[in-house]
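Let's take a walk through a protein chain together. Have a look at the fold below, and then we'll go through it piece by piece.

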Amino acid sequence: MASHFQIEAPVRSFSGESAGVHFTKGTGYVTDGTKEQRAALEYFRRHGYGVLQVDENHKPLDEQVTDLVTGPDSPPPPPAGKPDMFDPAEHTTEQVLDHLRKVDESVETRRVLDAEAAGENRAEIAAEGAALLDSQEARDKAASTTPAAANAAAPRKGARK
């Protein structure tokens with residue numbers, strides 16, 4: 001009997017097909033009943049997708065256990081091991097811009113802008129986000145060229161080249 005799996009795409013707003021599996025808002029479902037489906041599962045695991053075994057009704061096995069212990073009407077426990085990452089698709093333009101202004105890290109800004117471009121692709125977020133990213137990257141570059149950083153990068157006297 002084939003097992004059922006829920007696949008979570010790295011970009012939560014992704015809708016389309018990947019490795020033969022259809023995704024809607026970052027979630028797809030596949031079984032391991034055929035060679036192609038097993039290959040798709042391996043592809044997802046290798047490329048950082050979330051892979052969760054579910055029952056035939058797409059209910060995760062950990063929720064089935066919780067239902068048995070506490071009853072089906074109990075609130076689900078928080079997801080284990082899943083980072084609470086900001087998803088721009090779940091927020092208004094102003095909320096996304098507020099997040100980008102507060103985070104002040106080029107890595108997070110780039111991640112949010114990439115997710116936004118793959119999903120909603122709102123022009124105002126792209127424009128202001130790009131300006132914020134430019135200033136963050138310029139600040140990072142300036143910090144790496146301070147005299148202390150330059151001294152650390154310079155070869156020591158008598159060191160081999």
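**A glutamate to start from**

Start with Glu8, which sits in strand β1. Before going further, keep in mind that you're looking at a predicted model: local features here need pLDDT of at least 70, side-chain atom pairs count only at pLDDT 80 or more, and totals for chains, interfaces and linings use all residues. Residues are numbered from 1 along each chain as its sequence is written, and side-chain values use heavy atoms, with hydrogens and water left out.

Is Glu8 buried or exposed? Glu8 counts as buried because its relative accessible area is 10%; buried means under 20%, exposed means over 50%, and partly exposed is in between, using a 1.4 Å probe and protein chains only. Its side chain makes a polar contact with the side chain of Arg12, at 2.3 Å. Another polar contact, of 3.0 Å, links the side chains of Glu8 and Thr27. (A polar contact is a pair of N or O atoms within 3.5 Å; within protein, one must be able to donate a hydrogen and the other to accept it, and residues adjacent in sequence count only if both atoms are side-chain atoms.)

Now zoom out. The protein chain has six helices and five strands, where helices (H or I, at least four residues) and strands (E, at least two) are DSSP runs numbered from the N terminus. From that end, the order is β-β-β-β-α-β-α-α-α-α-α. Of the 161 residues in the protein chain, 27% are buried.

The mean for the protein chain is 80, with 73% of the residues reaching 70 or more. Among the elements, α1 has the highest mean pLDDT (93), and helix α6 (residues 147-153) has the lowest (53).

Next, the cores. In soluble globular proteins, nonpolar side chains tend to be buried together. A nonpolar core here is a set of buried Ala, Val, Leu, Ile, Met, Phe, Trp, Tyr and Cys residues joined through side-chain atoms within 4.5 Å. The largest one has 10 residues, including Phe5, Ile7, Ala9, Phe23 and Phe44. Two or more residues come from each of β1 (4-8), β3 (21-24) and α1 (35-46). Helix α1 gives the most to this core, with three residues. Apart from that core lies another, of nine residues, among them Val112, Ile125, Leu132 and Leu133.

Val112 takes us to helix α4, where the buried residues include Thr109, Val112 and Leu113. The 13 residues of α4 (residues 106-118) should span 18 Å at 1.5 Å a residue, and the end C-alpha atoms are 18 Å apart, which agrees. The expected span is 1.5 Å times one less than the number of residues.

Which residues does Thr109 touch, not counting those up to four places away in sequence? They are Leu100, Val103, Gly129, Leu133 and Gln136, with contact meaning heavy atoms within 4.5 Å. Thr109 counts as buried because its relative accessibility is 0%.

Finally, find Met85, in the loop between α2 (61-70) and α3 (93-103). Met85 is partly exposed, because its relative accessible area is 46%. Met85 and Val112 are 27 residues apart along the chain, and their C-alpha atoms are separated by 9.3 Å.

Technical notes: pLDDT = per-residue confidence, 0-100.
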